[in-house]
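Visitor: I would like to learn how to read a structure of this kind, feature by feature. Could we look at it together?

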Amino acid sequence: MAVDQTHDPEQCKAVDGGITRVFQVLGKRWNGPILSVLMGQPTHFANLRRAIPGISERMLSDRLTELGAAGLVVREVDEGPPLRVSYRLTASGAALGPSLKELGEWARQHLPDDSPC
């Protein structure tokens, strides 16, 4: 027996699809700080890890892979010696700059600062 589905236009207005997609990427822990560090310049993996206290190498690697799959970050291998891997933002990733800056300003004004840094 088939289930009869009806289209409710009000449900379509419930959540903006763009916002949903943005927070599927930016809503994951560590993605915001990674993108923020990369806004300044391309960064080697080790420097990126040092810039983000508390992130493990495995988590950083996983998040960079996800951000790459989303088209925001590019992995580049610097031929050695020594062999070093760096990451940079794509044009799409760099386009997040003004939005991330605004979110940071909003957080300074509206969210309590309970971090030790």
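**Reading the fold, feature by feature**

Guide: Trp30 is buried, with a relative accessible area of 14%, where buried means under 20% relative accessible area, exposed over 50% and partly exposed in between (1.4 Å probe, protein chains only). Trp30 sits in the loop between helix 2 (17-26) and helix 3, and has a positive phi of about 85° although it is not a glycine. This is a predicted model, in which local features need pLDDT of at least 70 and side-chain atom pairs count only at pLDDT 80 or more, while totals for chains, interfaces and linings use all residues. Residues are numbered from 1 along each chain as its sequence is written, and side-chain values use heavy atoms, with hydrogens and water left out.

Visitor: How many helices and strands does the secondary structure of the protein chain come to?

Guide: The protein chain has seven helices and three strands, where helices (H or I, at least four residues) and strands (E, at least two) are DSSP runs numbered from the N terminus. Read along the sequence, the pattern is α-α-α-β-α-α-β-β-α-α. Buried residues make up 22% of the 117 residues in the protein chain. Of the contacts with a separation of 6 or more, 47% are between residues 24 or more positions apart, a contact meaning heavy atoms within 4.5 Å.

Visitor: How should I read the packing of two helices, and at what angle do the axes of helix 3 and helix 5 cross?

Guide: Two packed helices are described by the angle between their axes and the distance between the axes. Here the axes of helix 3 (residues 31-40) and helix 5 (residues 57-69) come within 10 Å and cross at roughly 75°; axes are lines fitted to C-alpha atoms, for helices over the stretch in contact, and angles run from 0 to 180 degrees between N-to-C directions. That makes helix 3 roughly perpendicular to helix 5, since angles under 35 degrees count as roughly parallel, over 145 as roughly antiparallel, 65 to 115 as roughly perpendicular and the rest as oblique. Helix 3 contributes Asn31, Ile34, Leu35 and Leu38 to the contact, and helix 5 contributes Leu60, Arg63, Leu64, Glu66 and Leu67. By type, the residues of this contact divide into six nonpolar, one polar and two charged, with Ala, Val, Leu, Ile, Met, Phe, Trp, Tyr, Cys and Pro counted as nonpolar, Asp, Glu, Lys and Arg as charged, and the others, Gly among them, as polar.

Visitor: Is Asn31 buried or exposed?

Guide: Asn31 is buried, with a relative accessible area of 1%. Not counting residues up to four places away in sequence, Asn31 touches Val25, Arg63, Glu66 and Leu67.

Visitor: How do I read a sheet, and in what order do the three strands come?

Guide: Strands of a sheet pair through backbone hydrogen bonds, either parallel or antiparallel. In this model three strands form an open sheet in the order 1-3-2, with antiparallel pairing, and strand 1 and strand 2 are the edge strands, each pairing on one side only. Strand 1 (residues 43-44) pairs with strand 3 (residues 84-89) over two bridges, whereas strand 2 (residues 73-78) pairs with strand 3 over six bridges; two strands pair if DSSP finds at least two bridges between them. A hairpin of five residues joins strand 2 to strand 3.

Visitor: Which residues stand opposite Ser86 in strand 3?

Guide: His44 stands opposite Ser86, and Ser86 is also the bridge partner of Glu76. At 6% relative accessibility, Ser86 counts as buried. Thr43, in strand 1, is buried as well, with a relative accessible area of 8%, and the C-alpha atoms of Thr43 and Val85, 42 residues apart along the chain, are separated by 8.5 Å.

Visitor: What should I look for in a nonpolar core, and how many residues has the largest one?

Guide: In soluble globular proteins, nonpolar side chains tend to be buried together. The largest nonpolar core here has 19 residues, and those with the most contacts inside it are Ile34, Leu35, Leu38, Leu64 and Val73; such a core is a set of buried Ala, Val, Leu, Ile, Met, Phe, Trp, Tyr and Cys residues joined through side-chain atoms within 4.5 Å. The elements that give two or more residues to this core are helix 3, helix 4 (45-51), helix 5 and strand 3. Helix 3 also lies across strand 1, strand 2 and strand 3, running at about 90° to strand 3.
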